[in-house]
Every structure is written in C-alpha cells, then in structure tokens.
Amino acid sequence: MIRLHLCTISFRHHLVSLPELAAWATRTGFDGIELWGVHARHLREHAAVDGEWIRRQGLCIPMISDYLPLEGAERDALAATQRLCRLARHWGADKLRTFAGHRGSAELSAAERRELARRLGILTRCAAEEGLTLVVETHPDTLADSLAATRELLDAVDHPGLGVNFDVLHVWESGVDPLAALRELAPWVCHFHFKNIAQRNQLSVFAPGNVYSPAGSRQGMVPVLEGACDYGPLLDWLRASHVPLDVSLEWFGADCHAVLGHDLERLRERLSPAAGTLQQAVACR
C-alpha cells in the first residue's frame, strides 16, 4: 500500500490554516500531511489540533521534517532530538526527517565523516528509545549526497532505527539511476519525496537559499510526471512491491492546490493495480 501525502512546506508562503489544509486534503484524497518542523512547533500551541484531531479528519501525520544538529555540543543535539520526539508524539508521527549535515561528502575528511556518523547514531538511538525512526534524506551538500556516501553512512551507523527518505529527484541529480539506487537502499527506505524539474540545468532552483525565499525563482518546477526525471520505472517497482510505504509530494511552485491535486490524481492512476494489468496487456501484444 502506497500512502500519498502533501507537505505543509508547500504552503510556507501561504496564509492557510491547518484545519483548512486538512479539509482540502481529505476532500482531494490525500492520506496524510507531512509537517514541516517549524509548522509542527507553532501549531502545537493550538490545543484542539493534534494527532488525534488529524485522525478524526481521516488523515495521518507520517513524518515531521526538521533539521537536527550533527555538529556542536552533543547535549544540545540530544535536547533538540528529545524535543522533536515529544513533538512527534503530539502529532502521532512515527518518523523524524533530518539532513546528514550541511556539507557534501566530497568536502569531508574520513575523520569528519566518522564523527558525523557517530553523532547520527547517538540521535538515532535517542529517537528509537521513543519508538521513532530517524530518517536521513538523500540531498545535495550533505553526507547523503550520493549512493555510495549514503550507503557508507548507513553502514557506519548500523542501527535499525535509522531509515532513508528517498528524494527521487536528488538521487537522479547525483547521476545515479533512481531505480538502481532504490534497489540497493530498499532495506532502509521508509519514505519518499517526489518532485520534478523541466531540465537538468535548472536543478539549482531547489537550492535551499532559493527555494525557501518568497522571492526565489520557481523556473523549471513541473508536476511529478512531466519533468526530465523519469519516474516510470520507479513507480512500476513501487506498484509491484506490495510493501507499505509513504510518499510525500514536495511541491515548491505556484498554484499549490491545482498542481498537488493533479499530481495526486495522476499518481493514483499510475500506482493502481489496473495500471500494471494494462501495461502487461500492451507488452504481450
């Protein structure tokens, strides 16, 4: 079963409440809402809106997406992780997303990579003690910016409480076929981010400094199934896997409701068993 979610980060520059967003998500057919960490923290102030309230809307919060410190004082990192764990319990989430630092794997010495892995292991164990999975995202300019670096990091931490948020576009950006990478990382993958770009030379539009800025460019951002990264083989694998997985549609452009609704409908069709039956029939002709 593939559960499809929207991300509140898509609405980071919109004046929209969580009840409004939840009502739209339910009507549109989403399974849940991935909460951006800053949203999860501020929304906690509204006592009537929590994980139980979300469940009553027919939705779930699969993951809180935040940025835990892998450098600096260890006690501060542990305190931040414990706060995030409490936040996850409030929202009924079972996964915490973080980045593997803020420098690319090629920039780091072997000693620095070992230290980051050690810190990540400590935070992973902290989350696991609370029954939560810590999920590291495949992302440029982090220690999970390539297939080899991601696998090295997972092997170094070596803990069942560490998972992977497989950002398909960023894996493709690294020069690796996403399906080949997924096959190797499958034992750790428990969440996906889907987004796309019109042309490879426009990928810089997703740089954090641009994408988080209200004045940033959105040039080249396109619906998931309409871009340069071909999702077809990966979607076929997901449809045939029969493994429960979570997918968040991470849209950063304009017209959020229209694009997300369109992507949800297209992906539901593409992931349905009927789509596989039709493709098999065509292949046998």
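**View 1. T81 sits in helix α4, which spans residues 74-91.** Helices here are DSSP runs of H or I with at least four residues, strands are E runs of at least two, and both are numbered from the N terminus. This is a predicted model, so local features need pLDDT of at least 70 and side-chain atom pairs count only at pLDDT 80 or more, while totals for chains, interfaces and linings use all residues. Residues are numbered from 1 along each chain as its sequence is written, and side-chain values use heavy atoms, with hydrogens and water left out. With 0% relative accessibility, T81 counts as buried (buried is under 20% relative accessible area, exposed over 50%, partly exposed in between; 1.4 Å probe, protein chains only). Its side chain reaches the backbone oxygen of A77 at 2.8 Å. Leaving aside residues up to four places away in sequence, T81 touches L68, L123, C126 and A127 (contact means heavy atoms within 4.5 Å).

**View 2. Here is the largest nonpolar core, with 88 residues.** A nonpolar core is a set of buried Ala, Val, Leu, Ile, Met, Phe, Trp, Tyr and Cys residues joined through side-chain atoms within 4.5 Å. I64, W91, F166, F192 and F194 have the most contacts inside this core. Helix α4 gives the most to this core, at 7 residues. Zooming in on F166, its contacts beyond four places in sequence include V171, L182, F192 and L234.

**View 3. D31 and R268 pair up in a salt bridge, with their closest N and O atoms 2.9 Å apart.** D31 lies in the loop between α1 (18-28) and β2 (32-36) and R268 in helix α11 (residues 256-271), so the pair ties together parts that are 237 residues apart in sequence. For a salt bridge, a side-chain nitrogen of Lys or Arg must be within 4 Å of a carboxyl oxygen of Asp or Glu; the structure holds 18 of them. R268 is partly exposed, at 31% relative accessible area.

**View 4. Within helix α3 (residues 51-56), E52 and R55 lie 3 residues apart, about one turn of the helix.** They form a salt bridge whose closest N and O atoms are 2.9 Å apart. Both ends are partly exposed: E52 has a relative accessible area of 39%, and R55 comes in at 46%.

**View 5. R270 and D236 meet through their side chains in a salt bridge of 2.7 Å, N to O.** This one links distant parts of the chain, with R270 in helix α11 and D236 in helix α10 (residues 232-241), 34 residues apart. D236 is partly exposed, with 24% relative accessible area.

Definitions and conventions. A polar contact is a pair of N or O atoms within 3.5 Å; within protein, one must be able to donate a hydrogen and the other to accept it, and residues adjacent in sequence count only if both atoms are side-chain atoms.
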